[in-house]
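The sequence and structure come first, and the description follows.

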Amino acid sequence: DFFRGETGWRRYYLFECCGEISFARSMASEFVISEDLILRHTNQFNIEQIIAAASFHGNIGEGQKKLDHFASQEQAKVFSSESIEKTQEDEFRRERLKDLGKTYLQKFGFKFLISAQGKNSQELLEALETRLQNDLLTEISFARVALGQIAWKRFQKVLAQYPFVFLQESLRNCLDKVRVQQNLNSISLA
């Protein structure tokens with residue numbers, strides 16, 4: 001039911017960006033979606049929303065086959081190597097990422113969240129090791145920001161691939177607002 005109705009496709013694609021239902025519902029009702037709007041919304045997430053969104057995202061360092069299509073692209077540098085030596089180092093880092101990711105989950109109660117796009121395994125490992133030293137409130141703040149960054153980057157990809165889903169629905173919403181304001185029975189473009 002959530003993905004049905006006039007804004008169903010918008011909600012579907014926006015859910016794919018973040019993995020949190022209230023985010024998708026709220027963003028789908030917006031006429032214009034901006035990075036600032038997404039960040040403002042994710043910065044209001046409570047711990048349950050962070051956990052729900054985190055469960056949708058791939059585990060850091062997991063094999064690409066276990067990741068959704070977005071996470072696989074975002075963690076591409078973690079899985080690319082130029083030499084055998086580099087491959088062995090990266091494999092060690094990936095295993096370390098998975099191990100520390102489990103430690104992080106046990107400590108904070110949600111997955112390690114970071115905008116991984118463009119970062120290699122060493123950069124992600126350093127961030128994870130550093131953030132494991134933080135307290136829960138600090139990590140909640142980091143998680144909110146990371147979810148906003150991830151959602152914005154994913155939204156840009158969705159918008160590039162399906163612009164008419166958002167333009168058509170935005171136009172329909174705009175016309176509906178004019179119809180209500182002008183007290184009209186119906187309105188359409190000629």
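## Helix packing and pocket

Helix 1 and helix 2 cross in a right-handed manner; a crossing is right-handed if the near helix is turned clockwise from the far one by less than a right angle, and left-handed if anticlockwise. Helices are DSSP runs of H or I with at least four residues, numbered from the N terminus. The model is predicted: local features need pLDDT of at least 70, side-chain atom pairs count only at pLDDT 80 or more, and totals for chains, interfaces and linings use all residues. Residues are numbered from 1 along each chain as its sequence is written, and side-chain values use heavy atoms, without hydrogens and water.

| Helix pair | Axis angle | Axis distance |
|---|---|---|
| Helix 1 (residues 8–18) and helix 2 | roughly 135 degrees | within 8 Å |
| Helix 2 (residues 21–28) and helix 3 (residues 35–42) | roughly 145 degrees | within 11 Å |
| Helix 4 (residues 47–56) and helix 8 (residues 136–161) | about 45 degrees | 11 Å |

Helix 4 is therefore oblique to helix 8, a class left after under 35 degrees (roughly parallel), over 145 (roughly antiparallel) and 65 to 115 (roughly perpendicular). Helix 4 passes helix 8 in a left-handed crossing. On the helix 4 side the contact (heavy atoms within 4.5 Å) involves I47, I50, A53 and F56, and on the helix 8 side I140, A143, R144, L147 and R154. These contact residues comprise 7 nonpolar, no polar and 2 charged, where Ala, Val, Leu, Ile, Met, Phe, Trp, Tyr, Cys and Pro are nonpolar, Asp, Glu, Lys and Arg charged, and the others, Gly among them, polar.

Helix 1 and helix 2 are also oblique to each other. R10, R11, L14, F15 and C18 of helix 1 touch I21, F23, A24, R25, M27 and A28 of helix 2. That contact has 8 nonpolar, no polar and 3 charged residues.

Helix 2 and helix 3 make a right-handed crossing. Here S22, F23, S26 and M27 of helix 2 meet L37, I38, H41 and T42 of helix 3, giving 4 nonpolar, 4 polar and no charged residues.

The largest pocket has a volume of about 170 Å³. Among its 10 lining residues, N59, K98, G101, K102 and K111 are closest to the centre. A pocket is an open set of points on a 1 Å grid over the protein atoms alone, where a 1.4 Å probe fits, with protein on both sides within 12 Å along at least five of seven lines; lining residues have an atom within 4 Å of a point. The volume is the space filled by probe spheres set on the points, which are joined across faces, edges and corners. The lining of the largest pocket holds 4 nonpolar, 2 polar and 4 charged residues.

Definitions and conventions:
Axes fitted to C-alpha atoms, helices over the stretch in contact; angles between N-to-C directions. Helix = DSSP H or I, 4+ residues; strand = E, 2+ residues; numbered from the N terminus.
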